[in-house]
Amino acid sequence: MLNFTKMDRNNPSKRGVMDRIKDFKEVYNVFDKNKASEQAERCIGCGDPYCHTKCPLHNIIPAWLKQTAENDLELAFNISNETSPFPEILGRICPQEVLCEGDCSLNDTHGAITIGAIETHISETGFDNGLVPKFSKNKIGKKVAVVGSGPAGISAATFLLRAGVHVDMFERAPRGGGLLTYGIPGFKLDKHRVERRIDWLKEAGMNFFANCEIGKDKSFDELVSNYDSVFIGIGATKGKYPNISGESNSNVYLAMQFLTGIQERNFGEKISTLVDVKDKNVVVIGGGDTAMDCVRTSVREGANSVKCLYRRDEANMPGSKKEVQNAKEEGVEFVFNVSPLSIDSNGVNLVKTEMSQPDESGRCSVVEVSGSEFIENADIVILALGFEQELPDFLKKANLELDKWNGIKVDAVSKTSNPKVYAGGDSVRGADLAVRAAADGKLAAQTMLMEFSKK
Ligand SMILES: Cc1cc2nc3c(=O)[nH]c(=O)nc-3n(C[C@H](O)[C@H](O)[C@H](O)COP(=O)(O)OP(=O)(O)OC[C@H]3O[C@@H](n4cnc5c(N)ncnc54)[C@H](O)[C@@H]3O)c2cc1C
Ligand code: SF4
């Protein structure tokens with residue numbers, strides 16, 4: 001350990017650009033044993049590790065780094081899988097620079113430990129060597145219904161099954177995984193990794209009911225009556241519009257229509273909407289991770305040109321810096337400091353913007369520059385402006401307390417206003433991160449287990 005002066009931070013290698021833009025396979029390679037061990041040896045083993053505090057799951061990162069450096073794969077695997085429901089997935093998709101790695105003590109001086117890449121290596125190499133997640137064989141006589149199979153639902157189910165609780169999971173889509181499956185593209189996360197986790201839950205006794213929408217195919221009241229507890233993790237995927245003229249034109253699509261349609265096609269499933277961008281000039285409006293997924297998907301779908309339009313400057317983009325870099329490498333052009341005024345058949349009418357002087361709180365707002373209007377030609381416009389929570393009928397009827405954005409209100413331990421019902425993930429927080437959804441599911445499971453132990 002403490003090798004940070006002798007060894008630089010190295011990121012995992014990437015597939016070459018010309019190769020990777022031809023398909024939806026993952027871009028990053030997994031560290032081999034030597035690389036993972038060498039990178040883990042850079043850790044200084046802080047007494048009070050900020051990486052652990054900043055990880056929403058409070059993963060015991062220094063412990064599994066130490067075991068990786070010492071080549072004890074099994075112990076590293078067990079420690080990593082103890083606190084996380086799917087470390088190999090989060091190691092790939094977490095924006096580490098604002099979470100664990102952002103708070104690594106080496107970040108500002110020598111470069112943070114490559115925590116996410118080592119986390120992925122531990123589980124993937126563990127699986128290759130026959131290690132598997134462990135579940136309890138002894139049942140405790142309790143049963144929980146989980147509504148939604150995204151990261152929140154999978155996490156809740158994982159921690160309940162480990163403790164011997166029977167779980168039935170209800171999912172309206174044909175496959176499990178939520179946005180891990182139908183949102184995040186395969187070049188960031190191979191879909192088989194999500195399927196593999198769900199298969200382990202099924203092997204541990206979970207019943208998985210696909211194509212079963214609660215409120216339509218089965219009533220929510222039935223779940224509340226028939227189960228000891230219910231967990232709701234139904235996400236937030238209603239796309240936001242910019243509220244400008246032309247936004248409903250036939251050449252304008254929401255990010256999720258675009259990404260989901262392509263994923264459905266890749267799976268060979270019934271396609272809800274297929275946006276054909278081949279040989280077209282595509283513009284994507286937005287600057288977050290969803291926008292990056294749309295531009296990079298457009299490249300892989302053979303678009304003639306792909307531009308990302310964002311109303312602030314590059315430094316203020318909300319998305320992961322490494323995904324912006326990947327998009328640039330793949331040929332995406334960025335147009336910063338522009339705001340859309342309207343959309344027509346020629347493309348998007350834009351106005352240039354600049355940042356105001358900081359207000360008392362230090363925040364700069366976006367100001368339009370008068371007389372700077374121009375047209376960005378486009379055949380297809382994709383809106384990636386964030387998501388809202390839906391209010392399905394079953395939630396209206398369930399009489400759960402909601403916030404003003406239709407988010408389900410929960411207390412500090414994930415309980416809703418109905419003592420039998422728990423909730424977490426985007427349906428509580430609004431659009432957020434997979435790791436926070438996973439942390440919510442874990443907390444809900446832990447609270448349920450505490451309640452069960454009192455009875
Ligand atoms: C394009 C895109 C890219 C992203 N990239 C990243 C990333 O790189 N890193 C990251 O950390 N986060 C990323 N996110 C965010 C992350 O995916 C979400 O925060 C996370 O998936 C939320 O988990 P969840 O379980 O709350 O909801 P979801 O993943 O949305 O899952 C909810 C599930 O509930 C099901 N459902 C809804 N209603 C019902 C019902 N009535 N009955 C039965 N089932 C129902 C849905 O079909 C869905 O499967 C991205 C999001 C998008 C859209
Ligand atoms: S789950 Fe995310 S935040 Fe936590 S250690 Fe892994 S990569 Fe870092």
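Student: In which sense do strand E10 and strand E11 pair, and over how many bridges?

Tutor: Strands of a sheet pair through backbone hydrogen bonds, either parallel or antiparallel. Two strands count as paired if DSSP finds at least two bridges between them. Here strand E10 (residues 338–344) and strand E11 (residues 347–355) are antiparallel, with 6 bridges. Asp 344 stands opposite Gly 347 in E11, and 2 residues lie between the two strands of this hairpin.

Student: What do the labels and residue numbers refer to?

Tutor: Helices (H or I, at least four residues) and strands (E, at least two) are DSSP runs, numbered from the N terminus. This is a predicted model, in which local features need pLDDT of at least 70 and side-chain atom pairs count only at pLDDT 80 or more, while totals for chains, interfaces and linings use all residues. Residues are numbered from 1 along each chain as its sequence is written, chains are lettered from A and ligands numbered from 1 in the order in which they are written.

Student: How many helices and strands are there in the protein?

Tutor: The protein has 17 helices and 16 strands. Its radius of gyration (taken over C-alpha atoms) is 23 Å, close to the 23 Å that the globule rule (2.2 Å times the number of residues to the power 0.38) gives for 455 residues, so the protein is as compact as a globular protein of that length. The C-alpha trace spans about 70 × 60 × 50 Å along its principal axes.

Student: What is the strand order in the open sheet that contains E7?

Tutor: The order is E6-E14-E7-E8-E9, with parallel pairing. Strand E6 (252–254) and strand E9 (333–335) are at the edges with a single partner strand each, so one side of each has no neighbour in the sheet. Neighbouring strands are turned by 25° against each other on average, direction ignored; axes are lines fitted to C-alpha atoms, for helices over the stretch in contact, and angles run from 0 to 180 degrees between N-to-C directions. Strand E7 (residues 281–285) and strand E8 (residues 305–309) run parallel and are joined by 5 bridges, with Asn 281 opposite Ser 305 in E8. Helix H13 (residues 289–300) packs on the sheet, touching E7, E8 and E14, and its direction makes about 170° with that of E8.

Student: Where is Asp 379 found, and which residues does it touch?

Tutor: Asp 379 is in the loop between strand E13 (374–377) and strand E14 (380–383). Contact means that two C-beta atoms, placed from the backbone, lie within 7 Å. Not counting residues up to four places away in sequence, Asp 379 touches Asn 251, Lys 280 and Asn 281.

Student: Is Asp 379 buried, exposed or partly exposed?

Tutor: A residue is buried if 20 or more other C-beta atoms lie within 10 Å of its own, exposed if 12 or fewer, and partly exposed in between. Asp 379 has 17 other C-beta atoms within 10 Å, so it is partly exposed. Of the 455 residues of the protein, 45% count as buried.

Student: Which residues come nearest to ligand 2?

Tutor: A residue is near a molecule if its C-beta atom, placed from the backbone, lies within 6 Å of it. Of the 15 residues around ligand 2, the nearest are Cys 55, Leu 90, Cys 94, Leu 99 and Cys 100. Helix H6 (87–93) and helix H7 (115–128) each supply at least two residues of the shell, and H7 gives the largest share, 3 residues.
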